[in-house]
Amino acid sequence: ALDVCETAQGQYPYSTEILINKAHVLAAKGDFQHAFDAIHQAEIFQPSDPEVQQVKGEIYSTQGYFDEAIRCYELAMPLSDEKDSLHFSIGMCYKLMGKIDLAIAHYFESIKITPYFEDSIHELGDSLYIKDEEPSEVLQ
């Protein structure tokens, strides 16, 4: 997959989409420094692309840098059409940080946008279980 990205980048050196895909592949391989290099290059070409911030957030989150990930997701929020996914990702960061109340708030926001977002529903239920609360108490 990385070879395909690099071949495509040779043909389209200013393609933000190719750089984003390359960052995904590098991060999946655990090569976070080069993933950040690719995503920073994409950011130079398209500074207002919310997907750039979302991918940066994913890379930070994978490494356990949850505060940085949340900051990136929040930067992407105003411009993104995927606010439900961003709220879910922020919720996951907060959950992993042990900030269950904030996680619940973001899962709930995600579900308000997309009522059948299964991952958010599952994580909301799990977070409520951690807090030992009934879902009906929170959803009212």
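Trainee: Let's start with Asp81: where is its place in the chain?

Mentor: Asp81 sits in the loop between helix H5 (66-76) and helix H6 (83-96). A helix here is a DSSP run of H or I with at least four residues, a strand is a run of E with at least two, and both are numbered from the N terminus. Keep in mind that this is a predicted model, where local features need pLDDT of at least 70, side-chain atom pairs count only at pLDDT 80 or more, and totals for chains, interfaces and linings use all residues. Residues are numbered from 1 along each chain as its sequence is written, and side-chain values use heavy atoms, with hydrogens and water left out.

Trainee: Okay, and is Asp81 buried or exposed?

Mentor: Asp81 counts as exposed because its relative accessible area is 81%. The cut-offs are under 20% for buried and over 50% for exposed, with partly exposed in between (1.4 Å probe, protein chains only).

Trainee: Which residues form the negative surface patch?

Mentor: Glu17, Glu51, Asp81 and Glu82 form that patch. To be in a patch, a residue needs over 30% relative accessible area and no salt bridge; like charges are joined within 9 Å, and nonpolar side chains (Val, Leu, Ile, Met, Phe, Trp, Tyr) within 5 Å. Asp and Glu count as negative, Lys and Arg as positive, while His and the chain ends are not counted. The place of a charge is taken as NZ of Lys, CZ of Arg, CG of Asp or CD of Glu.

Trainee: How far apart are Asp81 and Glu51 in space?

Mentor: Their C-alpha atoms are 9.8 Å apart, although 30 residues separate Asp81 and Glu51 in sequence. Glu51 belongs to helix H4, and it is partly exposed because its relative accessible area is 40%.

Trainee: What span should H4 have?

Mentor: Helix H4 covers residues 50-62, and at 1.5 Å a residue its 13 residues should span 18 Å. The end C-alpha atoms of H4 are 18 Å apart, which agrees. The expected span is 1.5 Å times one less than the number of residues.

Trainee: New topic! How many salt bridges are in the whole structure?

Mentor: The search finds five salt bridges. Each one needs a side-chain nitrogen of Lys or Arg within 4 Å of a carboxyl oxygen of Asp or Glu.

Trainee: Which residue meets Lys56 in a salt bridge?

Mentor: Glu43 does, at 3.3 Å from N to O. Lys56 lies in helix H4 and Glu43 in helix H3 (residues 32-45), so the pair ties together parts that are 13 residues apart in sequence. Lys56 counts as buried because its relative accessible area is 7%.

Trainee: And what about Lys95?

Mentor: The side chain of Lys95 meets that of Glu123 at 2.5 Å, N to O, in another salt bridge. Lys95 lies in helix H6 and Glu123 in helix H8 (residues 118-131), so this pair ties together parts 28 residues apart in sequence. Both Lys95 and Glu123 are buried. There's also a network of salt bridges that links Lys95, Glu123 and Asp126.

Trainee: What does Lys131 form with Asp101?

Mentor: A salt bridge, with the closest N and O atoms 2.6 Å apart. The pair links distant parts of the chain, as Lys131 is in helix H8 and Asp101 in helix H7, 30 residues apart. Lys131 is partly exposed because its relative accessible area is 30%.

Trainee: Where do Gly98 and Lys99 sit?

Mentor: Gly98 lies in the loop between H6 and H7, and Lys99 is placed in the loop between H6 and helix H7 (100-113). Gly98 is exposed because its relative accessible area is 53%, whereas Lys99 counts as partly exposed at 38% relative accessibility.

Trainee: How far is each from Ser127 in space?

Mentor: Between C-alpha atoms, Lys99 and Ser127 are separated by 9.8 Å, and Gly98 and Ser127 are 10.0 Å apart.

Trainee: Last one: what does the secondary structure of the chain come to?

Mentor: Nine helices and zero strands. Of the 140 residues in the chain, 43% count as buried.

Key
Accessible areas come from the Shrake-Rupley method with a 1.4 Å probe; for residues, only the protein chains shown count as cover.
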